[in-house]
Amino acid sequence: MSFTSRSLLASFTGCLLYGSPAIADDAGQSIPPENNIIFPLKTDAVNSCQVPVKMSKEEEDQQPVLIQADSVEAHNNSKATYKGNVHVIKGRQEIKADNITLHQQENIAIAEGNVDYSSMDMRSKSDKVTTDLNTEDTTMINTSYKMSCQPIRGTASRVLKTGQAIYQLEDASFTTCPAGDKSWRFKASDIELDQSDEWATFYNARFEILDVPILYLPYITVPVGDTRKTGVLIPSAGLDSKNGFELSVPIYWNIAPNYDATTTINYMEKRGTQLEGNFRYLTDFGSGEIDAEYLGDDAKYKEKGARWGASWNHSGIYKQNWKFEVEYSQVSDITYFQDLNSSIGTRDEGQLQQSGEVSYRTQDWDLTMRVRDFQVLVDNSYPYRLMPQMEFNYYAPQFYNEFDFNLNSHISKFETDDPTKPSATRVHMEPKLSLPLSGTWWSLTPETSLLYTYYTQEFDATKDPSLSDLAAETDRTIPEVRINGAIYLDSTHKFLGEYLQTLEPKIQYLYVPEVDQSDIYGGTGEGGYDSSKLQLDYYGLFRDRQYSGVDYIAAANQFSIGATSRFYDDAYKERMNISFGQILYMNGSGTSNEGDDKNSSAWAIESDFNYDDYLFYHGGIQYDSNVDELQVANSTIEYRHSNGYVQLNYRYVSKNYIESNVNFQDDLDKITQHGIYQAGFLTQYNISNSWQLQAQYFHDTKEDYMLEALVGATYLSDCWSFGLTYSDQLIAPETSGSIGSYEPEYESNLMLSIAIRGLGTNTGITSGTATNALGYGRPFYLNN
C-alpha cells in the first residue's frame, strides 16, 4: 500500500502516544514529527556490524520511537494497536509486521504476522516477536535468522535475545552455508550464541551433511569470530594409508590473554592413541611456541617402544637491546618422522637443531652467547656441539675520515661424542679496515683484514692415527687484502627497440698468503669443527672465503672478473638480466689438492627473465673449461595464467663435482652412480572458483626412475572445503647395495582433508602425509 495521509495520521498518533520520546531538537523543544521525519522510515543504525556505544538507561529511554502503519487503534493511553504494513524503529531495533501492539507503560512491542526483526547483529523472520524496546530483550517464535556480521544462519522454534549480544535458541539449526546450500549444518536442542565472546555452544547436537545425521555430540563449543574461549573444538576424522581410520578431538584452553594451549586426543586405528599438545605464549621477552607429542605404545612398531617428540621455538626483543632466540627439537628415535605424522618436522628431516642464543646489541657493538647441538636422524653420525660460543662484534663506520673499521671475534668450545674426533677451544679475532668509495657510475672498496686464531685441541691419536699431526696448542695469523670495484654503464640505444640496457662490469682482487695449517683439525680443507666448502656460483665468485667457518683459510692470489647486463622496459621495470664471471688464479686455486694448479675456476652464469609478468625463467650453469666439464646446471621456466601455473625445471650436478665438494661417510655409489639428473613438472589449475587441481612429477633421467609424484584435487565452497591428495616418494631401501642394483621402493600416501569454513578460523582435519620434498618453489629474482 502506498504512503497516504492515513499512514501519516497513524505515524503522528504513535508519536503523540509516546510524548517526549518522539523527536526533539538540540534545545530539547518538541518538533512536529511531520517536519523532521522522512517517510517511508529509513535508518543506517541497524545491521552496521559496528560495536554499539554503551548507553545509560536515561539515554536509552530518550531514544525516539518512530512508527508507521496503515491504521492505529488507541486504548485508554495504555496501548495502541497498529495494523497494515507496520514499521517501527527505535535506536538499533527495527520491526516490520502485519500487526504490532505497543504497551506504553512497559514499552513492550508485540508483533505478529510476517514479522521482520533487525538489530545490530541479526535479521530474522518470525511468526511472532515480543521485544522490550528499552532493554532489547526479545522473544521470537518460529524463526529463521541470519547474523549480520558472520556468515551464520538457521532456524529455531524459539529465540530468546538477552540484551544486545546474547541469543538462546531452542530446537535450532546452525550453518555458515549460504541460503539453499545444504552441505552441512548443526541441529541442536539448545544453542547459546554469544556475539560479544564470539562463541556458540551446542547441547544435544548432531552434525548433518546433506540433511543426513553423521555425528552426535552431547556438548560442543565452536568459534564464530576471532575471540578465544576454552572448550572442545570440532572433532575431525579421516582415512590415512599409514594410520588407517583417524579421529582427532582438540580441546582448546584459553589460559590468559597472552597464553593459550591446545590438547589433541588423536586415535589412529593402526597405531593407537596419541596425545598432542601445543602451548603458545607472549611475554616481555618475546613470543614462543612449545609442541609435544606422545604415543605410549605404537601397535605397528612395538619394538620401538614409546614414541615422542618435542620442540620449543622462541624469538623476542627486550628493551630494544636484548634479543633472545631458541630453536630446540628432539624425537624419541631416528625413524620418528618416517613412521608418524608430526607438527615438529617432516619425513625429509636429516637433523634437528637444538640451539639458543642471547644477544645484547647497540649501535656500535653487539655481544652474543650461543649454544648449539644437533640430533642427527641417521646412525653413527656425531656432529660437533657448540658449548658455548661467545661472539663480540664492533662497528665503526667512518671512524677516521672515510675509513670504516670492523672487528669480528668469538670464543668457541667444540665437543663431540665421536672418540675419533678431537674437541677444541677456539679463539678468533678478525679486525678489518676498509675504504668505500663511490660515484654515480662507479664504486671501489679496498679493504685489509688480519685473521688471528688460537686453538687448544684434545684428541687421542691412538684411536685415529691421522690425528697425530695435530697440535694440542697452536695459533695462526693470516693477513688478507681485498679490492672490489664496479662500473655502471647505460646504453643510449634501446635493445630490440624497446628495452633500456645496462652493463655492470665487476672486478675483485683477493690476496691471502699460503700458511701451513695442518696442525689444526680441518686445516687442510677436509673436515673441521664448523667448516664446509661453499658453492661457487656467480655470486660466490666475489666472496673472500672458499670455506665457511675459520678452521681453514684457503690461500688466494686471484682476480674475480664478471659482468651483469640488465634490460628495463619503458616503465623502468627490470625484465631480464644475465651475469657471468670467472676467477683467474695467479698461482693455483688455493686448495690443498695435489696437482691442483689450474689457472682459472669454472665459468659461472646466472640469468633471469620476466616476459610481461606471465612467463618467468631462471637458470644458471657452472662450466669448467680446464677439464671440459659441465659441473652444475639448473633451469626453471614457469607460465602463469589467471587459472594457475605450469612449471618445468631441470637440475644437473656432475658426480665429480659432488665428490670434490661434499664429504660422504658412506660410499657415494649408494646414493648416485652418475650425479644428479633431475627433471620436474609442476602444475596447478583452477577449474572454477571452487575446484582446483594440482600435480607434481620428478624423474631421474639418468637412472630412469621416478623420484616423486603427487596428484590432488581441492574443492572450496563458501562454507566447507575438501581435499584429496595422493603421493609416491622414493625411499631408502633395506639393502646396502649400490644404487641401480635393486628395484626402487616407494612409499604411497593418501591425504584427506575436510574443513568447515566460517567458524572463526577454518576447522577440520588434515590427515596423511601426501606431501613432497621436492615441492613448488619460485626461484625467480625478477618480480617473484
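This is a predicted model: local features need pLDDT of at least 70, side-chain atom pairs count only at pLDDT 80 or more; totals for chains, interfaces and linings use all residues.
Residues are numbered from 1 along each chain as its sequence is written, and side-chain values use heavy atoms, with hydrogens and water left out.

Two strands pair if DSSP finds at least two bridges between them. Strand E4, residues 93–103, runs antiparallel to strand E5, residues 108–118, and eight bridges join them; in this pairing Ile95 has Tyr117 of E5 as its bridge partner. The hairpin of E4 and E5 has four residues between the strands, and Asn107 there takes a positive phi near 60°. E5 also pairs with strand E6, residues 122–132, in the antiparallel sense over nine bridges, and Asp116 stands opposite Lys125 in E6. Between E5 and E6, which form a hairpin as well, there are three residues.

Now to single residues. Is Ser601 buried or exposed? Ser601 counts as buried because its relative accessibility is 1%, where buried means under 20% relative accessible area, exposed over 50%, and partly exposed in between, using a 1.4 Å probe and protein chains only. Ser601 lies in the loop between strand E32 (574–585) and strand E33 (603–611), and, leaving aside neighbours within four places in sequence, its contacts include Leu536, Tyr585 and Asn626, contact meaning heavy atoms within 4.5 Å.

Asp728, in strand E40 (residues 720–731), is also buried, with a relative accessible area of 17%. Not counting residues up to four places away in sequence, Asp728 touches several residues, among them Met706, Glu708 and Ser748.

Finally, the surface. Tyr611, Tyr614, Ile637, Tyr639, Val646, Leu648, Phe681 and Tyr697 make a nonpolar surface patch of about 670 Å². Such patches are made of residues with over 30% relative accessible area and no salt bridge, with like charges joined within 9 Å and nonpolar side chains (Val, Leu, Ile, Met, Phe, Trp, Tyr) within 5 Å; a salt bridge is a side-chain nitrogen of Lys or Arg within 4 Å of a carboxyl oxygen of Asp or Glu, and accessible areas come from the Shrake-Rupley method with a 1.4 Å probe, where for residues only the protein chains shown count as cover. Strand E35 (629–641) and strand E36 (644–654) each supply at least two residues of this patch. Tyr639 is found in E35 and is partly exposed, with a relative accessible area of 40%.
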